[in-house]
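Colleague: I would like to learn how to read the interface in a two-chain model. Could you take me through it step by step?

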Amino acid sequence: MALDAGLVGRSYPPSAVYEVGRVKIAEFAAALGSSDPVHLDVEAARAAGHPDVVAPPTFAIALTLSAAGVVVADPDVDLDYSRVVHGEQRFVHHRPIRAGDRLVATPTIEAVRSMGGSDLLTTRVDVTTEDGEPVCSATSLLVARGEG
Amino acid sequence: MSARVRAADVAVGTELPERVYPVTRADLVRYAGASGDLNPIHWSDRVATSVGLPGVIAHGMLTMGLAGRAVSDWAGDPAALVEYQVRFGRPVVVPDDDTGAEVTVRGRVAAVLDEGRVRVDLTVTSGGEKVLSLARAVVRLS
């Protein structure tokens with residue numbers, strides 16, 4: 001069961017708008033044990049030069065994981081999700097995500113390959129504001145481990 | 001928030017302060033809720049062992065997030081991390097007790113780039129074993 005190389009470059013429609021809330025940023029920061037006030041306190045964030053509270057650098061996963069799920073759910077993508085592990089993750093930030101952002105996530109299949117009986121799928125999710133301002137790109141390598 | 005590190009104060013070889021983060025089952029539940037990753041291998045021993053894991057494991061993205069926190073706490077600004085990537089190696093097994101597991105993050109400036117940016121290479125371990133590899137961040141310093 002190998003992934004079809006013809007899938008490389010396939011893009012999917014942008015997600016629904018994800019509106020970033022201050023409480024969500026605070027919740028995500030707390031889940032990482034961070035009490036950095038730029039995540040929690042608007043005045044502290046402004047004093048540090050941000051227009052509103054900013055998200056931790058891995059916050060985008062809250063949107064991009066479900067966007068990558070759209071790829072895995074594509075019937076042409078023959079990947080046994082019950083055997084999938086997260087192999088690699090990369091973020092490139094054009095600017096920090098902040099409260100008030102209205103974001104859309106657009107997934108693309110960047111690479112497919114087989115290695116040692118495992119199927120490897122690389123997805124890139126580009127996150128922009130709904131007006132098209134680039135915010136970040138999240139690249140994920142998913143590995144479906146071969147049987148035995 | 002710590003004081004900001006300035007580009008002029010770092011060179012190849014500059015080490016970040018070592019950080020040790022405890023990770024308990026409660027932390028996994030909190031991260032599952034905050035991230036929306038409800039995969040039961042991060043909260044159910046029954047499911048985790050049925051897929052061949054020794055027990056419940058931490059979300060790779062939680063480990064990545066903790067290591068990112070070590071970098072942003074050092075840099076003094078979470079927005080300073082302009083690129084950040086990891087490869088997930090060994091899982092962090094989190095026992096169902098009050099102490100859980102520990103994730104230790106060490107970092108070192110591996111390259112000085114242009115425009116005040118530096119590349120930080122991270123060594124992230126749990127129980128003495130490396131859990132992330134190729135973990136590196138590009139950090140923009142003031």
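Modeller: Let us begin with contact, which means that heavy atoms lie within 4.5 Å. In this predicted model, 29 residues of chain A are in contact with 26 residues of chain B.

Colleague: How much area do chain A and chain B bury between them?

Modeller: Buried area is the accessible area that two parts lose on being put together, summed over both. Here chain A and chain B bury about 2500 Å², with 60% of it on carbon and sulfur atoms. On the side of chain A, the residues that lose the most area to chain B are A31(A), L32(A) and P57(A), which together account for 20% of what that side buries.

Colleague: What does β2(A) pair with in chain B, and how many salt bridges are counted between the chains?

Modeller: Five bridges join β2(A) to strand β2 (residues 81-88) of chain B, and the two strands run antiparallel. Within β2(B), R87(B) is the bridge partner of E88(A), and the side chains of E88(A) and R87(B) also meet in a salt bridge (2.9 Å, N to O). The count between chain A and chain B is two salt bridges.

Note on methods
Residues are numbered from 1 along each chain as its sequence is written. Chains are lettered from A and ligands numbered from 1 in the order in which they are written. This is a predicted model: local features need pLDDT of at least 70, side-chain atom pairs count only at pLDDT 80 or more; totals for chains, interfaces and linings use all residues. Side-chain values use heavy atoms; hydrogens and water are left out. Buried area is the accessible area (1.4 Å probe) that two parts lose on being put together, summed over both. A salt bridge is a side-chain nitrogen of Lys or Arg within 4 Å of a carboxyl oxygen of Asp or Glu. Two strands pair if DSSP finds at least two bridges between them. Helices (H or I, at least four residues) and strands (E, at least two) are DSSP runs, numbered from the N terminus.
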